[in-house]
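Biologist: I am new to this structure, and I would like to go through it with you step by step. Could we look at it together and begin with a single side chain?

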Amino acid sequence: MEGDVSDVTEELAALELLRGLQRDHAHRIVALAQLQLHPAGATLVRQGEDDREVHLILSGDGVVSVDGHPLGTVGPGECVGEMAALENVPRSATVTATTAMRTLKFGPEEFQAVLVDVPVMRRGLSAALSR
């Protein structure tokens, strides 16, 4: 399900991943994204699939599983699917919403554009991937 992204620019600046986000960069992120609404139980990405969309979680929580075994959780300010988009490889895990979730969804080209155009997103994602 899709929604209107026009009201999320302020919300983006509050995310740890995007600390220090400038207003024009928030507008650039919103321009490249689609707001997605996921009910509890919905699958955001599925292990082994070849799609390359990336989700930036605005609200809600999900569980990350590999081969059906839960490995961890994700929540607001985290990206899902970035490795498949960056490395051009199949999904390495499944992410399922455990609560209702709102995400900004980027196609692979839009995600690459955000990383080029929004330095704070690139830095935040690099820091998150290094943990």
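Modeller: Asp117 has a relative accessibility of 29%, so it counts as partly exposed, a class that lies between buried (under 20% relative accessible area) and exposed (over 50%), with a 1.4 Å probe and protein chains only. Please keep in mind that this is a predicted model, in which local features need pLDDT of at least 70 and side-chain atom pairs count only at pLDDT 80 or more, while totals for chains, interfaces and linings use all residues. Residues are numbered from 1 along each chain as its sequence is written, and side-chain values use heavy atoms, with hydrogens and water left out.

Biologist: With which residue does Asp117 form a salt bridge?

Modeller: A salt bridge here is a side-chain nitrogen of Lys or Arg within 4 Å of a carboxyl oxygen of Asp or Glu, and for Asp117 the closest N and O atoms of the pair are 2.7 Å apart. The pair links distant parts of the chain, 89 residues apart, with Asp117 in helix H4 and its partner in helix H2, where helices are DSSP runs (H or I, at least four residues) and strands are runs of E of at least two, numbered from the N terminus.

Biologist: Is Arg91, which forms a salt bridge with Asp51, buried or partly exposed?

Modeller: The closest N and O atoms of Arg91 and Asp51 are 3.1 Å apart. Arg91 lies in the loop between helix H3 (82-87) and strand S8 (94-97) and Asp51 in the loop between strand S3 (43-45) and S4, so the pair ties together parts that are 40 residues apart in sequence. Asp51 is partly exposed at 24% relative accessibility, whereas Arg91, at 4%, counts as buried.

Biologist: How many residues does the largest nonpolar core have?

Modeller: A nonpolar core is a set of buried Ala, Val, Leu, Ile, Met, Phe, Trp, Tyr and Cys residues joined through side-chain atoms within 4.5 Å. In the largest one, the residues with the most contacts inside it include Leu12, Ile29 and Phe106, and helix H2 (23-32) and strand S9 (101-106) are among the elements that each supply at least two of its residues. The number of residues in this core is 27.

Biologist: Which residue forms an aromatic pair with Phe106?

Modeller: Ring centres must lie within 6.5 Å, and planes under 30 degrees apart count as stacked, over 60 as edge-to-face and the rest as tilted. This pair is tilted, with 6.4 Å centre to centre and 50° between the planes. Both residues are buried, and the partner of Phe106 is Phe111.

Notes:
Phe/Tyr/Trp six-rings, centres within 6.5 Å; stacked < 30°, edge-to-face > 60°.
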